[in-house]
Amino acid sequence: MKLEVHNLSAGYAKAQVLFGLSLEVAEGELVALLGANGAGKTTALRTVSGLIRAWGGSVHLNGQSLAGISAARRAKLGLGHVPEGRQLFPLMPVEENLLLGAAFLAWEHRAAGLEYVYALFPRLRERRGQLAGTLSGGEQQMLAIGRALMGRPRILMVDEPSLGLSPKLAEEVLQTLAQVRSEGMGVLLVEQNVALSLEVADRGYVIEHGSVVLSGSAAELSGNPQVQKAYLAL
Amino acid sequence: MELLLQTLLNGMLSAGVYALVASGLALAVGVVGIVNFAHGEFLMIGAFISYLLFASRGIDPLVSLGVAAVAVFLIGAITYYGLIRPVLSAPELNQMLLTFGLSVLLQNLALLLFGADTRVVSPPYQGSTLSLGGLSFGGVPLAAFVLSVLILLGLYWFLGRTRLGLAVRAVAQNRLAPGLLGIETQRVYLLAFGLSAALAGVAGVMLSVMLYASPTVGFAFTLKAFAIVVMAGLGNLRGVLWAALILALAEALVSTYVPGGGGWVEAVFFLVIFGTLTWRSWRRA
Ligand SMILES: Nc1ncnc2c1ncn2[C@@H]1O[C@H](COP(=O)(O)OP(=O)(O)OP(=O)(O)O)[C@@H](O)[C@H]1O
Ligand SMILES: [Mg+2]
C-alpha cells in the first residue's frame, strides 16, 4: 500500500497554506517531513487525513482517490493519524482510549490489539486504569500513538511525537515508530527534532511555504549544507 | 415526622422523571454541544402522543411509552439533521436563538392543533394508591419512578458497556479525534440527539398521566432540566441523578413547609441555579 500526495493545495478560510505539495509514503518505510514553524506540516497531515478539505491536487491511498471521502472512511481504509496535541479522551481511562482506536474493527480483535500495544508500550499496561488526562506528557504521547495503532493502519502519520518529551523519551518513542516500520507499516513523521528524526528515517522531505524544496534519503539530507545550516545548527 | 417522611417520599418519586428529562438534556448539551431550549417540547410531544393514542383508541400509556420513544427519537433525529447540524459551528448565541425559536414554534403549533386546554390521560389505575406503614404512594408516580430508574439503567448500560456508547462518550470529550479513529461523528451526534429527545418524550408520556398534556407543559421542565444539568456540572451524567434528587426534594419540602408553598415550587429551580453558580464562583475565588 502506498500514500501518494500530488500537487496538493489547502488552507484555512482565505489563507492558503499548502502550495502544490507532493510526497509519497510506501509501506515499510519511515519518511520524515521537515520544515520550519508554520511551513504547513500539520496542515498537510490534516488535509491528507480529511480533517480539512483539499483545495486542489490529489491524495491517493492504494491507488484509490480520497477526494470526497470522510476522515472516518480514510481511517477505515488504513490511514492512521496521530494529531498535533494528541487529542486524547481525558476523562477516560487509558484502556478505553485504546479501545476507541479499534472501535470500527471487528470487536473480537480488540484484545489482540491491546496486547500488541501493551507490548510496544509496557508503561501503558501499568497505567491501563488511569484517566488519560492525568498521564505524564510522555505517557500521553505513547497513548496517542498506541490508540492510532489499535486501528491497524497501513500508513501512519505522526505529528511531532517528541514535543515536550525528554531527549531520552523522545528517542524511545521514535525507536518505537522505527519498529512498527520494520513490521511493515509506512510512517510519515513530522518532527521539530530534525537530527533525531533523520537518525531513524529512511527518507525525508523538507517543506517551505507549503511545498517541497528538498527531498532525499536520510543520509543525503543529513549531509546537505542547507539542512545542516537551517535545522541541525552545525 | 410522618409528614416529613411523606414529603421526602413524594420528592423522591418525582426525582425519577426529572432525572430522565435532565439526562436527555445532558446528552444534547454534553455530547452534541447544543444548548437546547426546545428540550421540553419533545416532552410535550410525548405527552400528546400518549393523549391522542389514549383518547382515540384507548391505548394504555404503558404501550404509548414505546410508541413515543420511537416517534420522538425520529423527530429528534430529523430536528438534528435539518436544524441543528447546519448550525453546529455557528456562534453559541445563534444556536440558542434557533432552539428558542423552535420551542416557541412547537408550542404554537400544538396550540393550533390541540388548543390551550390541559388534557389528562386517565387509565383505570390512575387514582390507585398503596400504603405502607402510614405512608401512602400514588401507584402511578411509583410506577413512573420505577420505569424511569429502569430506563436510566438501560442508558447507563448503553453508554458504559457498548461500543456505540463508548463512541458517544468519546465524542463528548474530544470532537476531533473520533473521526481520525474511524468513528463517523455525525452519526454519533444524530444518535445522541435522537436519544436526548426520546428520553424527554418518554417522560412526557408519564406526565400525561401524572400531570397533563398541554402546549406549554414542557416549558417548566426545560427550566428544571437546565437547573439540574447546571448543578450536576457539564458532562457529568451521574451527577444528574443527584441533582435531580436534590431539586425534587427541595421542591417537595417547599411545597409542604413554606406557607403558600404551592406557588413557590416553580421557583425552586431558579434558587438552585443561583445557589450553584454562586457557590462555584465563591469556591473558585
Ligand atoms: N486553524 C487554523 N486557522 C487558520 N490558520 C491556521 C490554522 N492552523 C494553522 N494555521 C496557519 O497555517 C500556517 C501553517 O500552519 P501549520 O500548523 O500547518 O504549520 P506547521 O508546519 O505544523 O508548524 P509547527 O511546526 O509550528 O507545528 C500557519 O501560518 C498557521 O498560522
Ligand atoms: Mg504543526
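Select residues 237-257 of chain B: this is helix α10, with 21 residues and a reach of 31 Å from its first C-alpha to its last, close to the 30 Å expected at 1.5 Å a residue. The model on screen is a predicted one.

Stay on α10(B) and colour its buried residues. They are Leu237(B), Gly239(B), Val240(B), Ala243(B), Ala244(B), Leu247(B), Ala248(B), Glu251(B), Ala252(B) and Val254(B). An α-helix has 3.6 residues a turn, so residues three or four places apart point the same way. Next, show what covers these buried residues: the cover includes α1 (2-32), α5, α9 (217-232), α11 (261-264) and α12 (268-284) of chain B. Then go to the start of α10(B), where a side-chain oxygen of Asn236(B) comes to within 3.4 Å of the backbone nitrogen of Arg238(B).

Move to residues 185-210 of chain B, helix α8. It has 26 residues and reaches 38 Å from first C-alpha to last, close to the 38 Å expected at 1.5 Å a residue. Of those 26 residues of α8(B), 20 are buried, so the helix is largely enclosed by the rest of the structure.

Now pick Thr162(B), in the loop between α5 (139-161) and α6 of chain B. Is Thr162(B) buried or exposed? Its relative accessibility is 18%, and because buried means under 20%, Thr162(B) counts as buried. The side chain of Thr162(B) reaches the backbone nitrogen of Gly165(B) at 3.0 Å.

The next stop is the interface. Select the residues of chain B in contact with chain A: there are 16, and they touch 25 residues of chain A. The two chains bury about 1900 Å² between them, with 66% of that on carbon and sulfur atoms.

To see a salt bridge, display the side chains of Arg169(B) and Glu96(A), which meet at 3.2 Å, N to O. Between chain B and chain A, 7 residue pairs are in polar contact, both at pLDDT 80 or more. On the side of chain B that touches chain A, the elements giving two or more residues are α6 (163-173) and α7 (177-180) of chain B. The largest share, 6 residues, comes from α6(B). By type, the residues on this side of chain B divide into 9 nonpolar, 4 polar and 3 charged.

Cross to chain A and select residues 137-150, helix α6. This helix has 14 residues and reaches 20 Å from its first C-alpha to its last, close to the 20 Å expected at 1.5 Å a residue. α6(A) is mostly covered, with 13 of its 14 residues buried.

Finish with backbone angles. Most residues other than glycine have a negative phi, and most peptide bonds are trans. Following α6(A) is Arg152(A), whose phi is positive, near 50°. Select Arg86(A) next, in the loop between β6 (79-82) and α3 (94-101) of chain A. Arg86(A) is not a glycine, yet its phi is positive, about 70°. At 15% relative accessibility, Arg86(A) counts as buried. With 65% relative accessibility, His209(A) counts as exposed.

Technical notes:
Residues are numbered from 1 along each chain as its sequence is written. Chains are lettered from A and ligands numbered from 1 in the order in which they are written. Side-chain values use heavy atoms; hydrogens and water are left out. Contact means heavy atoms within 4.5 Å. Buried area is the accessible area (1.4 Å probe) that two parts lose on being put together, summed over both. A salt bridge is a side-chain nitrogen of Lys or Arg within 4 Å of a carboxyl oxygen of Asp or Glu. A polar contact is a pair of N or O atoms within 3.5 Å; within protein, one must be able to donate a hydrogen and the other to accept it, and residues adjacent in sequence count only if both atoms are side-chain atoms. Helices (H or I, at least four residues) and strands (E, at least two) are DSSP runs, numbered from the N terminus. Ala, Val, Leu, Ile, Met, Phe, Trp, Tyr, Cys and Pro count as nonpolar, Asp, Glu, Lys and Arg as charged, and the others, Gly among them, as polar. The expected span of a helix is 1.5 Å times one less than its number of residues. Buried means under 20% relative accessible area, exposed over 50%, partly exposed in between (1.4 Å probe, protein chains only).
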